[in-house]
Amino acid sequence: MSYTNVIASLALAAGLLGGVLPASSAQAQGSASAALSAPDVLVKKLSDDVLDSIRRDPGLQAGDIARLNALVDEKILPYVDFTKMTRLAVGRGWRDATAEQRQALTREFRSLLVRTYAGAVSVVKDHKVELRPYRAAPTDTDVTVRTQVVASRGEPIQLDYRLEKTEAGWKIYDVNVLGVWLVENYRNTFASEISRGGVDGLIKSLVERNKALEARTS
Amino acid sequence: MVNAPACLVRALAAALFLAVLAGCASIPPGAGTHPVDPLEVYNRHVFDLNERVDRALLKPIAQAYEAVVPEDLRICINNAFLNLLEPVNSINNLLQGKPSEAVADLCRMVVNSTVGLLGCFDVAAKAGAPRSHEDFGQTLGRWGMEPGPYFVLPLLGPSSVRDTAGRLFDFLGTDPLWYIRNIPLRNSLVGARLIDQRAALLPAEKVFEAAALDKYQFARDAYLQLRRNLVHDGNPPRLKDPDEDDDTAPAKPPAPAADQPPPQPAR
């Protein structure tokens, strides 16, 4: 019952993710200094930065794909390992994929997420990100940072991140809205697509979906 | 005498009938082989039926409600319905061994029903007592019961065998609306709550539909994750990524095509 209300927050949270999800790990060397700070500090700074950008940019709020891509490239790309995100979502099929197929999967998956969230950024209003209690040893290389998004109206929304320590600093590789992990939620769908039409079948489905979404927004 | 709920029930029945006539869901090959979803064939049919009923009836009503009623009033109504569910939260918190939360839920109800004008305003949350989201399905989960097979309920949507049992208990045992003796009033309120809940989903819907390659599967997996998170009050133990160990292998070389030379080994 209250479950439906919880679901309703999903859209809001998705909007807040803005571009946090979609980014590619290609040329992800950008501002490595921030990526070297503690993971919870990084997540807080990144969230504030993205929320602030969305609030200041009417083009982003209107769901302008080009502007959103620019935001992703500039602000988010350096902090997200999108190849890992795609690899985990594709799961077993990743082993059998060629380098080109892996690139195509990563590119199309990123594109799908950017398009999905372009429709949702308009809900961002006076939202703020607060860190929830964080426990990790300094030696940990794979951590979960828990946050909640609060606004003047509506209930707090749980928004968590998984990060891995790499040579270029901490990188986000999974995001969770209200307990729903992104990677986990795509895993079964991707596996079914691959079992039906192979890796190329999955790439084709992603390409078609992106085209359909493009047609819808233009 | 025409009363609104009776009309609603008749319209619902008509919509259901049309939806059944309109055709069946497409069932992909391999349906029902996933361990969480042995009932997939049945589930997909019911999911499809729900979608049709929703498009024909529930969604248009919810959209009209959203268009006509101002946002502040809609939030007020939503709060008031959720306020009536505080006993459900409280009883289930108690059953889950969280007595202080159970007491807090009741205090919230007292404060919000009075200072909050019959639940219209969630003043308790502003004062630092956030709303719980508990139900008997979660209590069963807390007691160690697994969700069992995924199970789509006609008209009500995603559920599991465990959560269906839980819902039944909540509806018949702890939901205050079912204790209203005036049947037309009770039915009106149940109908209004349904529309309130459906309207609350409208903003999420577009995002959800854009994100999902297969809406049925996406809804299923989101539901199961969401419920697991709720059972553990936002801190579920981490699941091991099943493929983490063996999919980091380097990419396979592309299959040699007829018009291409075989790939060079990597330097």
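Tutor: Let us begin with a pairing in chain A of this predicted model: strand 2 of chain A and strand 3 (residues 157-166) of chain A run antiparallel and are joined by eight bridges.

Student: Which residue is the bridge partner of A:Asp142 in strand 3 of chain A?

Tutor: Strands of a sheet pair through backbone hydrogen bonds, either parallel or antiparallel. Strand 2 of chain A and strand 3 of chain A take the antiparallel arrangement. Within this pairing, the partner of A:Asp142 in strand 3 of chain A is A:Glu164.

Student: Which residue takes a positive phi in the hairpin of strand 2 of chain A and strand 3 of chain A?

Tutor: The hairpin formed by these two strands of chain A has six residues between the strands. The residue whose phi is positive, near 90°, is A:Gly154.

Student: In what order do the five strands of the open sheet in chain A lie?

Tutor: The sheet is open and its pairing is antiparallel. Its edge strands, each of which pairs on one side only, are strand 1 (128-131) and strand 5 (180-181) of chain A. Read across the sheet, the order is 1-2-3-4-5.

Student: How many bridges join strand 1 of chain A to strand 2 of chain A?

Tutor: Strand 1 of chain A runs antiparallel to strand 2 (residues 142-150) of chain A. One of the residues involved is A:Leu131, whose bridge partner in strand 2 of chain A is A:Thr147. The number of bridges joining strand 1 of chain A to strand 2 of chain A is four.

Student: Turning to helices, how are helix 3 of chain A and helix 5 of chain A oriented to each other?

Tutor: Two packed helices are described by the angle between their axes and the distance between the axes. For helix 3 (residues 39-56) of chain A and helix 5 (residues 65-76) of chain A, the axes come within 11 Å and cross at roughly 150°. Because angles over 145 degrees count as roughly antiparallel, the orientation of helix 3 of chain A to helix 5 of chain A is roughly antiparallel.

Student: Is the crossing of helix 3 of chain A and helix 5 of chain A left-handed or right-handed, and which residues make the contact?

Tutor: The crossing of these two helices of chain A is right-handed. Helix 3 of chain A contributes A:Asp49, A:Val50 and A:Ser53, while helix 5 of chain A contributes A:Leu71, A:Lys75 and A:Ile76. By class, this contact of helix 3 of chain A with helix 5 of chain A divides into three nonpolar, one polar and two charged residues.

Student: In chain B, how are helix 3 of chain B and helix 9 of chain B oriented to each other?

Tutor: Helix 3 (residues 71-84) of chain B packs against helix 9 (residues 183-211) of chain B at an angle of about 120°, and their axes are 10 Å apart. Their crossing is left-handed. From the angle it follows that helix 3 of chain B and helix 9 of chain B are therefore oblique.

Student: Among the elements of chain B, which has the lowest mean pLDDT?

Tutor: Chain B as a whole has a mean pLDDT of 83, with 81% of its residues at 70 or more. Among its elements, helix 7 (residues 136-142) of chain B has the highest mean, 94, whereas the lowest, 63, belongs to helix 1 (residues 4-22) of chain B.

Conventions: Residues numbered from 1 in each chain as written. Chains lettered and ligands numbered in written order. Predicted model: local features only at pLDDT ≥ 70, side-chain atom pairs only at ≥ 80, totals over all residues. Axes fitted to C-alpha atoms, helices over the stretch in contact; angles between N-to-C directions. Parallel < 35°, antiparallel > 145°, perpendicular 65-115°, else oblique. Left-handed = near helix turned anticlockwise from the far one by under 90°. Pairing = 2+ DSSP bridges. Contact = placed C-beta atoms within 7 Å. Nonpolar A, V, L, I, M, F, W, Y, C, P; charged D, E, K, R; others polar. pLDDT = per-residue confidence, 0-100.
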